[in-house]
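Student: Could you walk me through this model, one feature at a time? I would like the general idea before each case.

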Amino acid sequence: MQRDYFDRVHFWGRISSVTALAVMLGIPLSISLHFGIWPQAAGVLNGLLKIIPMFWSIAVIEVLTYAPLLGAGGTYLSFVTGNISNLKLPCAINAMQNAKVSPSSEEGEVISTIAVASSSITTTLIIAVGVLAFSPLLPVITAEDSAIAPAFKQVVPALFGALGAGYFSKHFKISLVPIAAGVLILLVFPALPVGTLIPVTVIISLLGAHLSYKHTQKKEKKRQNQA
Amino acid sequence: MDFKTDAFMYLLGSAVAAFCIVQSFFFLVKAWRQGKKLGLSSRTMKNTAVSAALFTVAPAIAVLATVITLAGALGIVLPWIRLTVIGNISYEVTAVQSALEGFGVKSGLAVAIADREIFTAAAWVMTVGSVFPLVLLPLLLKRIQKKIGKVTGRDTKWADLMSAAAFIGLIAAFIARALAGAGDKNIAGDGAGVMSVLTLFAAVGFMLPLQKICDKYSIKWLEPFAMPASMILAMVVALLAAQLLPANFVVLEWRG
């Protein structure tokens, strides 16, 4: 990686994260100023105490899990616009796979950033246009009894089925163990949130791949010695 | 006019959306320029951007649908803002419920919030609860990337396999959920069942031959569209199944 580009991405990424933090905190601040209402601190703290232990621990796990997959630029952007596991990450994975670049390469960093940025712009525009232009119609389209509702309920299996097919066909040997492990874990803990399951299956997959890699290396060494 | 959807709220929402677009565009331009320096073709980068945008359409509409689910209680603007920055439906619902409970409101999201103080409190709880990654990233990301660089620099073969394995681990979690995970009891079709498995296998069934066609006949232009096309076709299968298969069979969820 060219050092200067890498450093620049972190420089701009840090500025953008801090700016995004200010923008985010500015939202409730503006609402409070606009309405002239400052909610009771005790009530807000009460609400926060219930979610912060879970949300903030997940944040640490997510940063550690997703950063190596998204690259620096992709990570800074993804954590601002959100919907990472169900949108930004599959998008970046698909883009790197199509461009035939590795996430650990300079090209992977660039392709991942382009994919995440395009995805973020599209999502922001679709939500904004949807809210501004179609808000009277949206409840009808997305209603429980709407004709297209069953399709949107299955967006995640559709997305990960298509994405998985590409990956599993290329890495079949190392794919079976993490899927089997995930299914087994869910058989015991069916309601486990997918966000909690991801780090577990990622670690199992990495361990399986490491063992498989070591085994292949040993075999190759043996073959070389025999030759 | 409802205070939750007054002109100020719409202005706030538009400003947040504009910020996200400008920031994404900034990184897009930087990456594009660097790609050119690295020798990546404009076609590859253009295909990446177009494919990513196409790929995003269906999930983004699903996100839009979640905005609507929160709109009953919070009005449409605050969920729009929250799901534009960092937002994620499971976080937002939990945060709002927690905020309401903090103020002793037991009805949850079933009833529209009419009290400005509770609405403002919900905005504070939803925001402060979700900003932590933006504190962590400036402090940690460079160090994480350096550590990764050290590992990948030593053995590129292992580095490539490691990246693939990490992706597979992530995908495996979602596939396992579609096969065996329990869903939200209040949402039909959220848990593992006929529809999730059918859609999953339909997506695989469309993607594999499309990928094979791309490889066998070297159809470069089709490659970026194989994945979004497979995803959308699988959703069409789900739609047809819901219409054509017996109702009792379609709603079958073995994990609830």
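Tutor: A:Asn83, at 5% relative accessibility, counts as buried. Before going on, note that this is a predicted model, in which local features need pLDDT of at least 70 and side-chain atom pairs count only at pLDDT 80 or more, while totals for chains, interfaces and linings use all residues. Residues are numbered from 1 along each chain as its sequence is written, chains are lettered from A and ligands numbered from 1 in the order in which they are written, and side-chain values use heavy atoms, with hydrogens and water left out.

Student: Where is A:Asn83 found?

Tutor: Helices here are DSSP runs of H or I with at least four residues, strands are runs of E with at least two, and both are numbered from the N terminus. A:Asn83 sits in the loop between helix H2 (41–81) and helix H3 (84–98) of chain A. Its phi is near 45 degrees, a positive value in a residue other than glycine. B:Ser218 also has a positive phi, near 50 degrees, and belongs to the loop between H8 and helix H9 (223–244) of chain B. B:Ser218 counts as exposed, at 53% relative accessibility.

Student: How many helices and strands are there in chain B?

Tutor: Chain B has ten helices and zero strands. Its C-alpha trace spans about 60 × 50 × 35 Å along the principal axes. Of the 256 residues in chain B, 55% count as buried. Among the contacts in chain B with a separation of 6 or more, 58% join residues 24 or more positions apart.

Student: Which residues is B:Thr199 in contact with, leaving aside its neighbours within four places in sequence?

Tutor: B:Thr199 lies in helix H8 of chain B and is buried, with a relative accessible area of 0%. Leaving those neighbours aside, B:Thr199 touches A:Gln154, A:Pro157, A:Ala158, B:Ala234 and B:Ala238. A second case is A:Ser16, placed in helix H1 of chain A and buried at 8% relative accessibility. With neighbours within four places in sequence left aside, A:Ser16 is in contact with B:Phe19, B:Gln23 and B:Phe27.

Student: How do I read salt bridges, and what does the count come to over all chains?

Tutor: A salt bridge is a side-chain nitrogen of Lys or Arg within 4 Å of a carboxyl oxygen of Asp or Glu. By this rule there are three salt bridges over all chains. One of them joins A:Asp4 and A:Arg8, whose closest N and O atoms are 3.9 Å apart. These two are separated by about one helical turn, because they are four residues apart in helix H1 (residues 3–35) of chain A. Another links B:Lys142 and A:Asp7 at 3.3 Å, N to O. This pair crosses between chains, from helix H6 (residues 132–154) of chain B to helix H1 of chain A. There is also B:Lys4 with B:Asp2, their closest N and O atoms 3.3 Å apart. Here B:Lys4 counts as buried at 5% relative accessibility, whereas B:Asp2 is partly exposed at 34%.

Student: Which residues form the positive surface patch?

Tutor: Patches are made of residues with over 30% relative accessible area and no salt bridge; like charges are joined within 9 Å, and nonpolar side chains (Val, Leu, Ile, Met, Phe, Trp, Tyr) within 5 Å. Lys and Arg count as positive and Asp and Glu as negative, while His and the chain ends are not counted. A charge is placed at NZ of Lys, CZ of Arg, CG of Asp or CD of Glu. The positive patch consists of A:Arg14, B:Arg143, B:Lys146, B:Lys147 and B:Lys150, and H6(B) gives the largest share, four residues. B:Lys150 is exposed, with a relative accessible area of 61%.

Student: And which residues make the nonpolar surface patch?

Tutor: Accessible areas come from the Shrake-Rupley method with a 1.4 Å probe, and for residues only the protein chains shown count as cover. B:Leu198, B:Leu245, B:Phe249, B:Leu252 and B:Trp254 make a nonpolar patch of about 440 Å². B:Leu198 lies in helix H8 (residues 194–216) of chain B and is partly exposed, with a relative accessible area of 32%.

Definitions and conventions:
Buried means under 20% relative accessible area, exposed over 50%, partly exposed in between (1.4 Å probe, protein chains only). Contact means heavy atoms within 4.5 Å.
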